[in-house]
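Subject: Structure handover

Hello,

Here is the structure I promised to pass on. Please open it alongside this message; my notes follow below.

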2 protein chains.
Amino acid sequence: MKYRLLTPGPTPVPEETLLELARPVPYHRTPEARAILKEVLEGVQYVFQTQNDVIALTSSGTGAMEAALVCAVPRGAKAICAYAGRFGERWHKLWQAFGIESVPVTAPYGKAVSPQQIEAALKAHPDAVAVCVVHSETSTGVKHDLAAIGPLVAKTQALFIVDAISSAGALELRTDAWNLDLVATGSQKALRMPPGLAFVSVSPKAWQRIESHRPAAFYFDLSRYRAKLKDPDTPFTPAHTLLRALQISLRRIRAEGIENIWNNCARLARAARAAVHAMGLELFAEVPAEGLTAIKVPDGLDGVELLQRLEKKYGLKLAGGQDHLKGKIVRLAHMGYIDFFDVLAALVGLECVLAEMGHPVRLGSAAAAAQQAWLGT
Amino acid sequence: MKYRLLTPGPTPVPEETLLELARPVPYHRTPEARAILKEVLEGVQYVFQTQNDVIALTSSGTGAMEAALVCAVPRGAKAICAYAGRFGERWHKLWQAFGIESVPVTAPYGKAVSPQQIEAALKAHPDAVAVCVVHSETSTGVKHDLAAIGPLVAKTQALFIVDAISSAGALELRTDAWNLDLVATGSQKALRMPPGLAFVSVSPKAWQRIESHRPAAFYFDLSRYRAKLKDPDTPFTPAHTLLRALQISLRRIRAEGIENIWNNCARLARAARAAVHAMGLELFAEVPAEGLTAIKVPDGLDGVELLQRLEKKYGLKLAGGQDHLKGKIVRLAHMGYIDFFDVLAALVGLECVLAEMGHPVRLGSAAAAAQQAWLGT
């Protein structure tokens, strides 16, 4: 059976990138290795739409967020953490682990924290030195409105820290235009790579803050990486064979064009949502992110069984809900190296499984709706 | 021209491991992924010769050392850091970055810190809660005598933290027999993998200490990983395609047998050193580690040019010295997936380049000496 990976991370990796991973290992402190790193950092700048410095880390996306959060906020200082899902909660806990006073600004799972909430928190906490927001909250499929929040934060002393782990390369993301000071992502979402690499972009405002205090950091001390940026190198051994492979995926992204990729992702999202409605199902996210669609499992159906049937019978690997959402939602990715026909397979497979499980569906309705939405007719 | 990687990290990766890296990416939260992680953790236990828990991290070896050093020692506490080279110095700086009082116990580059020095430091600082030693100091090729130091530390309250980054899988390493509390390594040395993964083993004595304080850590908080060890999983997205490939390299290591690997590594070291002496050259390390040989560049020869000739003309990639040792030493690895004939190529290539550069050598002397030492005749 053919396996189709349609989870919101990891996502499928293009064949030419996989083949690059199988090439012999070279030494990592050479002009050739620095040239690869340079091209990768420029490629991530392009994906982030920024002129800011980009730092490459060998870690998961959580490592990149730790670097951003800990370097930006001194121990004992106060910061605002917006969350409406599992990943935002993680950053709240991370700050607490480092002795930072994290002020939560929250919304229920499935909803988004509003720009007005952020504005009110900034007014109530003028001493906050940072605001953290998850762009695409992968646990619920919700998108936060960075374009609206950015200018609110920019008016203050606070740094705007963005978790773009499942958004960079999928959703419209304009780091410079939206005043995003620190933006973090991981390799295994829309960058079309396996996990193992992560990136943070750092604005001049953020560098000024970072250089002004000595963070409790070493491996994730962004200043150490900054010192190596000229003819770029890394302070610690990088996963340089992953960087070499990412170069291949980034070339493909550049060739496609980032705006085309955002538009295509939004188009796939519309197709998926049209099919969801056509099957009589509901979206979980009130303001859905374009990189994935979170679908409510209908009452009376076992969401765990549904996912198992999709995987075992049809080779379609979708993700379920985490923690208290387990069995309650299905999460379908449409970002990175996933195209319309992959999404179509997932939607039609879902319709087949719903029929098998006795849920009333009309076979063909998902495909018809997806196709119409995709073509925009 | 054929390229031969003979640097003390990264080292060559077996072909079947490289091919594994090119396989499609699966989802990472599945029984299959947990089974791979389980086998990898057991494989690292075998390499470490320990029954202690092993934690897998997605980072370079420095990340694993940060996890060990920061989780073991509370902020403001005192710890002893032995160093006689660049990597030991790094751990001293790391502790300082986290507000830990690091007491240096040093020896000049090329020499080893003696067990007597450690014993004296433990007596002078009975409040020290940890001792950190680099097993194989890759920057100088020096080995530290863990078997002698282990029992000295075990008599005290201090935890014994070992950097085994370039030693695990190369030098004799007996974590349990030698009372090593926290042992860290990276994937790109003798584990026969590209960089991107790192491991830490944790003794019961170390767990007790770690759980008794809240470290300034999140991504490297070992307790978070410990909580996932039953039916093993990871708290953050692991580089699971690297884990799957490491499984292949570890199977090969198990099939060869760790004692055979140590013996073979020591045999290659003897061959390399015999050839060095036969060429009229000198070793840099007074107590050399078996994983690499650091060779003094003869006075009057340009060590940078020597390495360039080896690489450009013969495809032999050896490492030079770092910082003030640049141009002064040549470092040849003989660990991991490097065999006698690879080492022979490097030694004969070195002899050829010495001849080209006008240094008096008798062609064939390196090969003869290496071969004799290797066969033990």
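Strand 13 of chain A, residues 319-320, runs antiparallel to strand 14 of chain A, and two bridges join them. In that pairing, Gly320(A) sits opposite Val330(A) of strand 14. Bear in mind throughout that this is a predicted model.

Strand 14 of chain A has another partner. Strand 11 of chain A also pairs with strand 14 in the antiparallel sense, this time over five bridges. There, Thr293(A) stands opposite Leu332(A) of strand 14.

How many of the five residues of strand 14 of chain A are buried? Five of the five, so the strand, residues 329-333, is largely enclosed by the rest of the structure. The cover comes on both faces. Ile329(A), Arg331(A) and Ala333(A) are buried on one side, and Val330(A) and Leu332(A) are buried on the other.

Next, the domains of chain A. Domain 1 takes in 4-8 + 258-375, and domain 2 covers 15-256. Their C-alpha centres are 28 Å apart. At the boundary, 24 residues of domain 1 of chain A are in contact with 26 residues of domain 2 of chain A. On the domain 1 side, the elements that give two or more residues are helix 10 (258-278) and strand 11 (292-296) of chain A. Helix 10 of chain A gives the most to that side, with five residues. By residue type, the domain 1 side splits into 15 nonpolar, five polar and four charged.

Now to chain B and its sheet. Seven strands of chain B form an open sheet with mixed pairing, in the order 2-10-9-8-5-3-4. Which strands are at the edges? They are strand 2 (53-58) and strand 4 (101-106) of chain B, and each pairs on one side only. On average, neighbouring strands of this sheet are turned by 20 degrees against each other, direction ignored.

Helix 3 of chain B packs on this sheet. The helix touches strand 2, strand 5 (128-134), strand 8 (159-163), strand 9 (182-186) and strand 10 (197-202) of chain B. Its direction makes about 165 degrees with that of strand 9 of chain B.

One pairing within the sheet is worth a look. Strand 3 of chain B, residues 78-83, pairs with strand 4 of chain B in the parallel sense, over six bridges. Ala82(B) is opposite Val105(B) of strand 4 there.

Last, the two chains together. 43 residues of chain B are in contact with 43 residues of chain A. On the chain B side, the elements that give two or more residues are helix 1 (15-21), helix 3 (61-72), helix 4 (86-97) and helix 9 (240-256). Helix 3 of chain B gives the most, with four residues. That is the helix that also packs on the sheet of chain B. The chain B side divides into 25 nonpolar, 15 polar and three charged residues.

How are the copies related? A rotation of 180 degrees superposes chain B on chain A, with 0.0 Å of shift along the axis and an RMSD of 0.0 Å. This is the relation of a two-fold axis. Both copies use the same surface: 100% of the contact residues of chain B recur in chain A.

Best wishes

Notes. Residues numbered from 1 in each chain as written. Chains lettered and ligands numbered in written order. Predicted model: local features only at pLDDT ≥ 70, side-chain atom pairs only at ≥ 80, totals over all residues. Contact = placed C-beta atoms within 7 Å. Nonpolar A, V, L, I, M, F, W, Y, C, P; charged D, E, K, R; others polar. Least-squares fit on C-alpha atoms with pLDDT ≥ 70 in both. Pairing = 2+ DSSP bridges. Axes fitted to C-alpha atoms, helices over the stretch in contact; angles between N-to-C directions. Domains from an automatic or database assignment. Buried ≥ 20, exposed ≤ 12 C-beta atoms within 10 Å, placed from the backbone.
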